Amino acid sequence: MTTTLRIGVVGAGAMGADHIQRIQNRISGATVAAVIEPDEARARQAAAAAPGAATFARIEDAIAADAIDAALVAVPGPFHLPVLLPALEAGLPILCEKPLTPDSATSLQVLEAEQKLDRPHIQVGFMRRFDPEYAELRELIASGDAGELVMLRCAHRNPSVPDSYLQPMLITDSVVHEFDVVPWLAGSPIRSVEVKFPRANPRTPERLREPILVIMELENGVLVDVEMNVSVQFGYQVTTEAVLSEGVARIGEPKGLRLWRGAQVAQREHTSFTTRFAEAYDNEIQRWVDAVRAGTLVDGPNAWDGYLVALACEAGVRALEGGVHAVESAERPAFYA
Ligand code: ISE
C-alpha cells in the first residue's frame, strides 16, 4: 500500500485519546480517519486532535461509509466482541487493545470468525513485547549466552488504582500483561497458576485484597513469580529479573539522570504506564501500521495469543479463591501456526 492507512480509532477514552495523539504525531504512513465513540462530546473532543477525522457512533457506520482501512480498538475489554465481529466481517485489519475479550468462550468466537478470512487479521495490544529491554531479555534467554532460564521474578507495581478497579482486575487488567509476556520471554506456555496473599498493606482500598503473589509454572519447568501491587504510592514500576543457570539479568530499572545530594541518590521514577511504556506503544503501532501496509497485517501477538491469555486469566481469577489451577488450551489451528 502506498497510500496513507486510514485508521478508525474505536473508543475515545484515555487509551484511545493517547493512540490518536500517537498516530497523528509520531507514526508514519497512517492517519486517524475516524473516531468511533457513542458519546458525542467525547468523540468530538478526541477528534479535535486529528483534523479531518470523521466521527461515528458505531463501527458499522464507519464501515458503511467506507471511511476506514483498519481499526484500532480501544474500548474496555467487555465491549470488544461487538466491535471485533463486524470489523472481521468487513475484512478489516485490527489492532485490539488488551485483552482480546474477557473470557475464553468469547475469544473462541473471535477465533472462529477470524478463520473465515484468508489469514489472521487481529493483533492484540500487548505492548510489552515492543519494549526494547523486554526484547533484549528475550534474545538473551533464547541465545543461551547466560545459560538456561530457571526462574523469572516479576514486579508489577501501580501507585494506586481508580474506584472502578475491582479484585478480579488484579488478574484481568494487570497480571494479564505477564500472562502474555512471560511465555513469550521464556519460550514456553503456562501450565498452572496459583495466588498467595502476603499480609495486608494498610494503604490498600477496602474493596481490594492485595498485594498478591502470582506463581506460574511453565510447561518447561520454569517457575515465575509476579508481585502484583496496586497501592505502592511511590510510582509506576514494572521490573523483571531472569535467573539463568550462569547469570542474572534485570530489566525495568529507572533510567536517566541520577542526582547525588545531601547523602542521598535520587532518580526519577514513572508514575503511569503511559510514560513507562511510551516507546513500546510507539513501536507497537508503527510495526502494526507497517505490517498492514505491507499486507502481512499482523506483527506481534495474534488472536490465538489473546485466547491463551484469556485462559490464563480464568485460571488466575479462580486462583484468587485458592488452589493451583491448570491452564488447558484447545489445539492450535494451523491458521495460527
Ligand atoms: C492498566 O490497565 C494497564 O494495562 C497497565 O499496564 C497495568 O500496569 C495496570 O495495572 C492496568 O490497570
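Trainee: In which loop does Asp66 lie?

Mentor: This is a predicted model, and Asp66 has a phi near 50°, a positive value in a residue other than glycine. Asp66 lies in the loop between helix 3 (59-64) and strand 4 (70-73).

Trainee: What is the order of the strands in the open sheet of six strands?

Mentor: The pairing in this open sheet is parallel. Its edge strands, each pairing on one side only, are strand 3 (54-56) and strand 6 (122-125). From one strand to the next, the twist averages 25°. The order of the six strands is 3-2-1-4-5-6.

Trainee: Which residue in strand 6 is the bridge partner of Glu97?

Mentor: Strand 5 covers residues 94-97 and pairs with strand 6 in the parallel sense. Four bridges make up this pairing. For Glu97, the bridge partner in strand 6 is Gly125.

Trainee: Where does Pro99 lie?

Mentor: Pro99 is joined to Lys98 by a cis peptide bond, with omega about -10°. The position of Pro99 is in the loop between strand 5 and helix 5 (104-114).

Trainee: What is the distance from an oxygen atom of the ligand to an N or O atom in the side chain of Lys98?

Mentor: Lys98, which the cis peptide bond joins to Pro99, is one of the residues around the ligand. Others around the ligand include Met127, His156, Tyr165, Asp173, His177, Tyr236 and Phe273. Between an oxygen atom of the ligand and an N or O atom in the side chain of Lys98, the distance is 3.1 Å.

Trainee: How much of the accessible area that the ligand has on its own does the protein cover?

Mentor: Asn158 has a side-chain N or O atom 2.6 Å from an oxygen atom of the ligand. For Ser174, the distance from a side-chain N or O atom to an oxygen atom of the ligand is 2.6 Å. Of the 300 Å² of accessible area that the ligand has on its own, the protein covers 90%.

Trainee: What is the order of the strands in the open sheet of seven strands?

Mentor: The pairing in this open sheet is mixed. Strand 12 (247-251) and strand 15 (324-326) are its edge strands, each pairing on one side only. Neighbouring strands are turned by 15° against each other on average, direction ignored. The seven strands follow the order 12-11-7-10-9-8-15.

Trainee: Which residue in strand 15 is the bridge partner of Val193?

Mentor: Strand 8 covers residues 190-196 and pairs with strand 15 in the antiparallel sense. Three bridges make up this pairing. In strand 15, the bridge partner of Val193 is His325.

Trainee: In which loop is the place of Pro211?

Mentor: A cis peptide bond joins Glu210 to Pro211, and its omega is about 5°. Pro211 has its place in the loop between strand 8 and strand 9.

Trainee: At what angle to strand 9 does helix 7 run?

Mentor: Helix 7 lies across strand 7, strand 8, strand 9 (212-218), strand 10 (223-229) and strand 11. Helix 6 (residues 132-143) lies across strand 7 (149-157), strand 11 (237-244) and strand 12, and runs at about 10° to strand 11. The angle of helix 7 to strand 9 is about 30°.

Trainee: At what angle do the axes of helix 6 and helix 7 cross?

Mentor: In helix 6, Tyr134, Ala135, Leu137, Arg138 and Ile141 meet Val181, Trp184 and Leu185 in helix 7. The residues of this contact divide into seven nonpolar, no polar and one charged. The two axes come within 8 Å, and they cross at roughly 35°.

Note on methods. Residues numbered from 1 in each chain as written. Predicted model: local features only at pLDDT ≥ 70, side-chain atom pairs only at ≥ 80, totals over all residues. Heavy atoms only, no water. Near = heavy atom within 4 Å. Polar contact = N/O pair within 3.5 Å; in protein donor to acceptor, adjacent residues only side chain to side chain. Areas by Shrake-Rupley, 256 points an atom, 1.4 Å probe, with all protein chains shown as cover. Pairing = 2+ DSSP bridges. Helix = DSSP H or I, 4+ residues; strand = E, 2+ residues; numbered from the N terminus. Axes fitted to C-alpha atoms, helices over the stretch in contact; angles between N-to-C directions. Contact = heavy atoms within 4.5 Å. Nonpolar A, V, L, I, M, F, W, Y, C, P; charged D, E, K, R; others polar.
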